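Hi,

Here is the structure I promised to pass on.

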Amino acid sequence: MNKGKKLINILSIACRAGKVISGEFVIEKTLAGRHNVKLILLAEDTTEATQARYEKLAEKNKILLRKTPLTKEELANCIGKENRAAAAVCDEGFCNAILKILDN
């Protein structure tokens with residue numbers, strides 16, 4: 001199974017467990033409230049401006065950020081949303097599983 005399919009599977013499970021948030025406003029609001037965001041994931045076709053914005057957010061809040069092999073459409077579909085450039089994982093276990101997929 002390739003990285004993309006593994007990532008879709010684990011993100012789908014994390015989403016059903018209520019451990020994934022998405023949308024720029026929701027992610028920013030969650031980070032501002034010092035909630036439990038562990039990892040920010042970006043779609044591969046995210047614009048440079050959006051990517052830079054999330055990189056600043058991640059750096060400011062000391063959150064891990066990874067670019068995925070998924071398109072915006074694929075990322076959105078696996079979390080049950082539409083047109084998402086980013087998703088945030090709010091669980092250490094799911095974060096570690098995703099990093100293992102992306103970093104290997």
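Below is what turned up, starting with the ground rules.

This is a predicted model, so local features need pLDDT of at least 70 and side-chain atom pairs count only at pLDDT 80 or more, while totals for chains, interfaces and linings use all residues. Residues are numbered from 1 along each chain as its sequence is written, and side-chain values use heavy atoms, with hydrogens and water left out.

**The core**

The largest nonpolar core has 20 residues. By "nonpolar core" I mean a set of buried Ala, Val, Leu, Ile, Met, Phe, Trp, Tyr and Cys residues joined through side-chain atoms within 4.5 Å. Buried is under 20% relative accessible area, exposed is over 50%, and partly exposed is in between (1.4 Å probe, protein chains only). The members that touch the most others are Leu 7, Leu 11, Leu 39, Leu 41, Val 89 and Ile 98. At least two core residues come from each of helix H1 (3–16), strand E2 (39–42), helix H4, strand E4 (86–89) and helix H5 (92–103). H5 gives the largest share, six residues. Helices (H or I, at least four residues) and strands (E, at least two) are DSSP runs, numbered from the N terminus. As background, nonpolar side chains tend to be buried together in soluble globular proteins.

**Salt bridges**

There are three salt bridges, counting a side-chain nitrogen of Lys or Arg within 4 Å of a carboxyl oxygen of Asp or Glu.

- Glu 24 and Arg 53 meet at 2.6 Å, N to O. Glu 24 is in helix H2 (residues 24–32) and Arg 53 in helix H3 (residues 48–61), so this pair ties together parts 29 residues apart in sequence. Glu 24 is partly exposed at 30% relative accessibility, and Arg 53 is partly exposed at 36%.
- Glu 92 pairs with Lys 38, with their closest N and O atoms 3.6 Å apart. Glu 92 sits in helix H5 and Lys 38 in the loop between H2 and E2, so to speak distant parts of the chain, 54 residues apart. Glu 92 is partly exposed at 42%, as is Lys 38 at 26%.
- Asp 103 and Arg 66 meet at 3.1 Å, N to O. This pair links Asp 103 in helix H5 with Arg 66 in strand E3 (residues 64–67), 37 residues apart. Asp 103 is partly exposed at 45%, and Arg 66 is partly exposed at 25%.

**A charged patch**

Which residues gather in a patch of negative charge on the surface? They are Glu 44, Asp 45, Glu 73 and Glu 74. For patches, residues need over 30% relative accessible area and no salt bridge; like charges are joined within 9 Å, and nonpolar side chains (Val, Leu, Ile, Met, Phe, Trp, Tyr) within 5 Å. Asp and Glu count as negative and Lys and Arg as positive, with His and the chain ends not counted. A charge is placed at NZ of Lys, CZ of Arg, CG of Asp or CD of Glu, and accessible areas come from the Shrake-Rupley method with a 1.4 Å probe, where only the protein chains shown count as cover for residues. Glu 74 lies in helix H4 (residues 72–78) and is partly exposed, at 34%.

**One distance**

Lys 5, in helix H1, is exposed at 51%. Its C-alpha atom is 9.6 Å from that of Pro 69, 64 residues apart along the chain.

Cheers
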